[in-house]
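I opened this entry to record, step by step, what I looked up in one protein model. The sequence and the structure come before my notes.

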Amino acid sequence: MAGHDQEDLKSFRSSLKKDGLLHRREAGKMNDLIETILNHRSVRDFEDKPLSKEQIETIVKSAQAASTSSFIQAYSIIGVSDRSKKEKLAEVVGNQPYVANNGHFLVFCADLYRHSLIGEMEGSNVFPSIESTEKFMVSLIDAALAAQNAAIAAESMGLGICYIGGIRNNLEAVEEILKTPDYVIPLFGMAIGHPAKLNDKKPRLPMNHVYMENEYEQDPEVLKEQLNSYNELISAYYKERTGGTRADTWTGQMGQMLEKKSRMYMNDYVSKKKMNLR
Ligand SMILES: Cc1cc2nc3c(=O)[nH]c(=O)nc-3n(C[C@H](O)[C@H](O)[C@H](O)COP(=O)(O)O)c2cc1C
């Protein structure tokens with residue numbers, strides 16, 4: 001191992017020690033990072049207090065530290081600080097006021113635009129690759145990994161976040177506001193800020209429903225039984241939260257949502273941006 005690798009390893013270990021993570025790292029034990037992750041709930045109500053430059057920098061650098069397929073870094077993050085742009089976006093996403101009222105607003109984009117320029121710089125024909133379904137998927141994966149790192153970094157600083165998929169309600173309008181070129185698709189926003197109100201944590205599917213060992217559990221009867229038991233958990237959660245006025249089940253919610261087609265223009269939009277073509 002090269003000398004500087006050893007030094008990196010030493011400083012990585014000492015940063016873990018400093019944060020108290022190393023000695024609490026044994027399997028199954030809670031540490032501050034895991035506690036932050038497990039405490040997540042979306043925040044939609046923020047104090048009127050902008051994030052500091054340092055906070056934004058830490059969040060963006062954390063996003064950039066995420067793993068990236070073949071080092072391709074196929075995403076960009078657009079921070080929206082301009083009040084009138086934030087207000088326009090809040091309207092475009094279906095009137096979600098926390099898109100305008102927050103500490104900062106980020107838009108995560110799948111981005112192969114800079115890679116299209118590399119073709120010219122290096123004299124290679126990159127287009128069959130960057131226009132492929134595979135590279136489109138890579139850009140989505142990269143952007144999502146970066147975003148979740150940003151979310152965890154923000155939450156670890158005591159900030160709250162809410163992802164905003166409403167961005168995809170009208171990508172033509174978003175493109176107009178953010179000036180995104182071909183090979184770039186805004187995927188979702190993230191409102192970040194100092195929480196003014198905290199929602200309850202929403203109970204996820206029990207772990208044994210989503211974690212399978214060695215092979216996929218396909219038996220519909222097993223899955224339906226699991227779904228029924230999750231429905232009981234979720235309706236108890238809503239009942240408690242709403243003083244009994246709401247007792248939705250999860251399959252009820254999903255059934256209603258999935259019955260409606262949404263954002264069916266997406267296939268055409270993605271092709272228009274020259275992605276997912278081959
Ligand atoms: C990609 C993505 C898009 C989302 N879009 C929105 C949105 O437009 N508006 C909103 O209020 N919440 C949005 N959410 C938040 C989800 O509704 C929320 O994560 C989910 O209901 C679980 O609740 P929790 O985050 O509080 O645990 C989005 C989440 C993700 C991951």
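**Around the ligand**

I began with the shell around the ligand, which by class holds five nonpolar, six polar and three charged residues; here Ala, Val, Leu, Ile, Met, Phe, Trp, Tyr, Cys and Pro count as nonpolar, Asp, Glu, Lys and Arg as charged, and the others, Gly among them, as polar. I noted that 14 residues surround the ligand, and that the closest are Arg-41, Ser-42, Tyr-163, Gly-165 and Gly-166; a residue is near a molecule or strand if its C-beta atom, placed from the backbone, lies within 6 Å of it. The largest share of this shell, three residues, comes from strand β3, residues 160-164.

I kept in mind that this is a predicted model, in which local features need pLDDT of at least 70 and side-chain atom pairs count only at pLDDT 80 or more, while totals for chains, interfaces and linings use all residues. Residues are numbered from 1 along each chain as its sequence is written.

**The whole protein**

I then stepped back and found twelve helices and four strands in the protein, where helices (H or I, at least four residues) and strands (E, at least two) are DSSP runs, numbered from the N terminus. The C-alpha atoms fill a box of roughly 65 × 50 × 50 Å, taken along the principal axes. Of the 278 residues, 23% are buried; a residue is buried if 20 or more other C-beta atoms lie within 10 Å of its own, exposed if 12 or fewer, and partly exposed in between, with C-beta atoms placed from the backbone.

The end C-alpha atoms of residues 37-194 lie 17 Å apart, and the span is 44% helix and 18% strand.

**The strands**

Which strand pairs with β2 over six bridges? I found that strand β1 (residues 75-80) does so, in the antiparallel sense, and that Ile-77 has Phe-108 of β2 as its bridge partner; two strands pair if DSSP finds at least two bridges between them. β2 also pairs with strand β4 (residues 184-193), again in the antiparallel sense, over eight bridges, and there the bridge partner of Phe-105 is Ala-191.

I next checked how enclosed β2 is: eight of the eight residues of this strand (residues 104-111) are buried, so it is largely enclosed by the rest of the structure. In a regular strand the side chains alternate between the two faces of the sheet. In β2 both faces are covered, with His-104, Leu-106, Phe-108 and Ala-110 buried on one side and Phe-105, Val-107, Cys-109 and Asp-111 buried on the other.

Returning to β3, I saw that four of its five residues are buried, so it too is largely enclosed by the rest of the structure. Five bridges join β3 to β4, which run antiparallel, and Tyr-163 stands opposite Met-190 in β4.

**Helix α4**

Which residues of helix α4 (residues 83-92) are buried? My list has Lys-86, Leu-89, Ala-90 and Val-92. They cover an arc of only 165 degrees around the axis, which puts them on the same side of α4; the arc is that of the directions from the helix axis to the C-beta atoms. On the other side of α4, Arg-83 and Ser-84 are exposed.

I also traced what the buried residues of α4 pack against, namely β1, β2 and α8 (171-178). α4 is followed by Gly-94, whose phi is positive, near 95 degrees.

**Loop residues**

I looked at the loop between α8 and β4, where Lys-179 lies, and noted its positive phi of about 60 degrees although it is not a glycine. Is Lys-179 buried or exposed? With 8 C-beta neighbours inside 10 Å, Lys-179 counts as exposed.

Tyr-183 lies in the loop between α8 and β4 as well, and has a positive phi of about 70 degrees although it is not a glycine. With 24 C-beta neighbours inside 10 Å, Tyr-183 counts as buried.

My last entry is on Asp-248, whose place is in the loop between α10 (220-241) and α11 (250-259). Asp-248 is partly exposed, with 15 other C-beta atoms within 10 Å.

Definitions and conventions
Two residues are in contact if their C-beta atoms, placed from the backbone, lie within 7 Å.
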